[in-house]
Amino acid sequence: MICRERITHSSIGDRCTNDNSKRHTSVAYLPFRWHQRDPAKRINIRTKIEEEEKEKLQKQQQEEEELQLKKRKQRKIKGNSRLSFTDDIENGSEEEEDENETSQSKKFRHGKYGKDPTVETSFLPDSEREAEEQAERERLQRRWFLEQEQIRNEPLQITYSYWDGAGHRRVLQVRKGDTIGEFLRAVQQQLAPEFREIRTTSVENLLYVKEDLIIPHQHSFYELIVNKARGKSGPLFHFDVHEDVRTIADATIEKDESHAGKVVERHWYEKNKHIFPASRWEIYDPTRKWERYTIHGD
C-alpha cells in the first residue's frame, strides 16, 4: 500500500532548508581549490592571449600592406597604360619592374621635347640670322658704293671734234663720273680762245654727238660705260679714236671701232639737220637697242 505524503508549504520549506544545510556542509568540508589555482598557469594563459592578439594585429597589418601595394600597382597600371611596358608591371616580378622603371626614366630623359639639330631650319624665320644677313647686305652695299665712287673719280681722256662744217679735233681729260653738261662746260673753256662763237654762246646751246646720237646733258660717262651703251655707228663707252683692223671679216663679231664725238652749236644743227651727217643724228634713248652699226642712211 502506497503511502502518499501530503505536501504542504511548511514541508517544502523544511526540505529546502535541509538541502541548503547539506550544501554548505559539503562546501566547507570538501577540498575544492578552483579559487586557489597556480599563478604560473594564469601567467601562461595571459601570455598566450597576448600572443594571439599580436598575431591578429600582425596579420591585419600584413593584409593592409598587401591591399595598399595592390592599390599602388593598379594606379601605376592606369597611369602608365599608354606605355609599352604595362604587361611587365602586371607580371608581378620585382626585377622586371626595376628594369622597366630604369628604361622608363631613360626614355623620358632622352625623349624630351626640343630642337633637333639635324633638321633643316634655314627656311624658318630667325631674327638673329636676319639681322646678320641685313648687316652683311649693308656692308656689301657700302663696299659697292665705295668701289663705284672710286670708278667715278678715275680720269677719262676724251677725243672730240668741234664741228662747224669742218672738224677741229681736240683732247680733253675729265672724270668718269662727270655729266655731258660738265664736259661741254670744259669744252667751252678750252675752245673759247680760238672760236668767237663759242665765247658768246652758253653750255645749253652746245650739243655732244657720239656715234650719230645726241647725248642729253644729264647723262654721265659712267652711265654709258657701265651700261655698255651702243650707238648707230659704234659703241658709246669708248671715247678714244680707233679703227677695227681685221685680217678676216666675220659678221658674227661686233666691230670694234670708235669715232670721235662731235661738239656742235644748236643753231648750226637746226640750220643743217637736213644735210648729211646731221641728217643721221637722233636723240639718245637708253631703252632702244641697236642690233648692228651703220655709217650711211637713216
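Predicted model: local features only at pLDDT ≥ 70, side-chain atom pairs only at ≥ 80, totals over all residues.

Visitor: Why is serine 161 called buried?

Guide: Buried means under 20% relative accessible area. Serine 161 comes in at 8%, so it counts as buried. It belongs to strand β1, residues 155–163. Leaving aside neighbours within four places in sequence, the contacts of serine 161 include Gly167, His168 and Arg169, along with Gly261, Lys262 and Val263.

Visitor: Which residues of α6 are buried, and what makes them line one face of the helix?

Guide: The buried ones are Ile180, Gly181, Phe183, Leu184, Val187, Gln188 and Leu191. Looking down the axis of α6, they fall within an arc of 155 degrees, so they line one face.

Visitor: On to the rings: how many aromatic pairs are there?

Guide: The count comes to 9 aromatic pairs. One of them joins phenylalanine 183 and phenylalanine 221.

Visitor: What makes the pair of phenylalanine 183 and phenylalanine 221 edge-to-face?

Guide: Ring centres have to lie within 6.5 Å, and planes over 60 degrees apart count as edge-to-face. Here the centres are 5.6 Å apart with 85 degrees between the planes, an edge-to-face pair. Phenylalanine 183 is in helix α6 and phenylalanine 221 in helix α8 (residues 221–226), so the pair ties together parts 38 residues apart in sequence. Phenylalanine 183 has a relative accessible area of 0%, so it is buried. Phenylalanine 221 is buried too, also at 0%.

Visitor: Why is tyrosine 208 called buried?

Guide: The cut-off is under 20%, and tyrosine 208 has a relative accessible area of 1%, so it is buried. Tyrosine 208 and phenylalanine 221 also make an edge-to-face pair, 6.5 Å centre to centre and 70 degrees between the planes. Tyr160, Phe183, Tyr208, Phe221 and Phe239 form one aromatic cluster.

Visitor: How do you know that the charged end of lysine 228 sits over the ring of phenylalanine 237?

Guide: The NZ atom must be within 6 Å of the ring centre and within 35 degrees of the ring normal. For lysine 228 the distance is 4.8 Å, and its charged end sits over that ring. Lysine 262 likewise lies over the face of tryptophan 163, at 5.6 Å from the ring centre.

Methods: Residues numbered from 1 in each chain as written. Heavy atoms only, no water. Helix = DSSP H or I, 4+ residues; strand = E, 2+ residues; numbered from the N terminus. Buried < 20%, exposed > 50% of the residue type's maximum accessible area, 1.4 Å probe, protein only. Contact = heavy atoms within 4.5 Å. Arc of directions from axis to C-beta. Phe/Tyr/Trp six-rings, centres within 6.5 Å; stacked < 30°, edge-to-face > 60°.
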